[in-house]
Amino acid sequence: MFKAVFLQKNEQGEFKASVQELDESQLPGSGDVLVQISHSTLNYKDGLAICNKSPVVRQWPMVAGIDGAGTVLESAHSGFKPGDEVILNGFGVGETHWGCLAEKAKLKGDWLIKRPEGLSAAQAMAIGTAGYTAMLCVLGLEKSGVKPENGEVLVTGATGGVGSIAIVLLNKLGYTVVATSGKPEQAEFLKGLGASEVLDRKLLSEPGKPLQRERWAGVVDCVGSHTLANACAQTKYGGTVTACGLAQGMDLPSSVAPFILRGVALKGIDSVMAPLAVREEAWCRLASDLDLNKLNDLTRTLSLEGAIEAAAEIMAGTNTGRVLIKI
């Protein structure tokens with residue numbers, strides 16, 4: 001038996017999220033690696049699933065948790081053996097395949113990477129998909145030629161998991177970071193992470209002109225909609241905007257003007273199905289480039305039983321930073 005955050009929906013469509021004891025025989029037969037999960041985390045997508053706010057879950061019942069770190073117990077995969085320390089992010093886990101907000105998970109070895117040296121399981125999950133996505137955004141800016149000397153980098157939705165870790169990473173790499181947030185009381189918190197300035201998100205969240213005053217050498221956008229459109233309109237000639245979120249909306253009410261008149265590049269960032277080589281590069285960089293003291297400052301640790309209440313806080317927009325779940 002093992003404990004898990006279990007999501008159920010009956011024939012009448014009634015939804016329930018609870019911590020339950022499940023039998024190992026219920027674990028998915030499609031997995032070829034059994035992992036003892038020691039830590040997981042809560043991301044925005046976990047909040048959507050646990051609070052039934054969006055059709056994230058596509059098979060029922062479901063064990064929640066798109067992230068997990070732990071130790072291999074059994075393996076039929078050639079790349080892993082008992083005792084290996086592994087990390088899982090995405091690949092539809094917690095959506096179509098039972099996830100990692102659980103004491104045990106049966107996963108496909110093709111989805112796993114070995115935890116890099118320099119990161120504990122707890123640190124890896126304090127980073128989680130949010131921090132891994134932030135690193136993908138930073139890599140996207142670097143590979144597009146955005147350098148610290150080019151000017152300011154904007155991070156939207158800065159108090160969330162992706163935004164907060166993006167600030168820490170960019171600051172350590174020498175970039176001047178400007179953050180946007182709808183939580184003015186968190187301005188000093190964001191400056192402590194490395195933001196040089198904190199702007200009210202309202203400055204970007206309303207409809208704006210197709211081209212605006214050039215300011216940003218690069219952008220990490222976690223918000224979408226008008227915020228992303230305005231960020232593109234304010235990006236300098238030849239700059240790059242990385243887009244990884246939709247907290248404001250999935251729409252993009254923009255024009256082609258920034259792209260054809262200023263050569264702005266809009267780079268989409270996908271964390272769910274990224275190839276293993278990309279994942280390994282991102283996690284290697286996280287192990288070397290992330291200020292772990294600052295990571296600790298923006299992380300709170302809860303038990304498995306606290307995950308459901310914390311998911312509701314994420315959906316209400318009252319959570320700041322990262323939520324680590326110690327199994």
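**Exercise 1.** State the volume of the second largest pocket and identify the elements that line it.

*Solution.* The second largest pocket of this predicted model has a volume of about 170 Å³. On a 1 Å grid over the protein atoms alone, a pocket is an open set of points where a 1.4 Å probe fits, with protein on both sides within 12 Å along at least five of seven lines; lining residues have an atom within 4 Å of a point. Volume is the space filled by probe spheres set on the points, which are joined across faces, edges and corners. Two or more lining residues come from each of helix 2, strand 14 (265–268) and helix 8 (276–289); helices (H or I, at least four residues) and strands (E, at least two) are DSSP runs numbered from the N terminus. Helix 2 gives the largest share, four residues.

Residues are numbered from 1 along each chain as its sequence is written. Local features need pLDDT of at least 70, side-chain atom pairs count only at pLDDT 80 or more, totals for chains, interfaces and linings use all residues, and side-chain values use heavy atoms, without hydrogens and water.

**Exercise 2.** Describe how helix 2 and helix 8 pack.

*Solution.* Their axes (lines fitted to C-alpha atoms over the stretch in contact) lie 9 Å apart, at an angle of about 105° on a scale from 0 to 180 degrees between N-to-C directions. Helix 2 is therefore roughly perpendicular to helix 8 (65 to 115 degrees). Among the residues in contact (heavy atoms within 4.5 Å) are Leu 136 of helix 2 and Val 278 of helix 8.

**Exercise 3.** What is the volume of the largest pocket?

*Solution.* The largest pocket holds about 1,400 Å³ of space. Its lining comprises 46 residues, with Tyr 44, Cys 222, Gly 245, Leu 246 and Ala 247 nearest the centre.

Methods. Angles under 35 degrees count as roughly parallel, over 145 as roughly antiparallel, 65 to 115 as roughly perpendicular and the rest as oblique.
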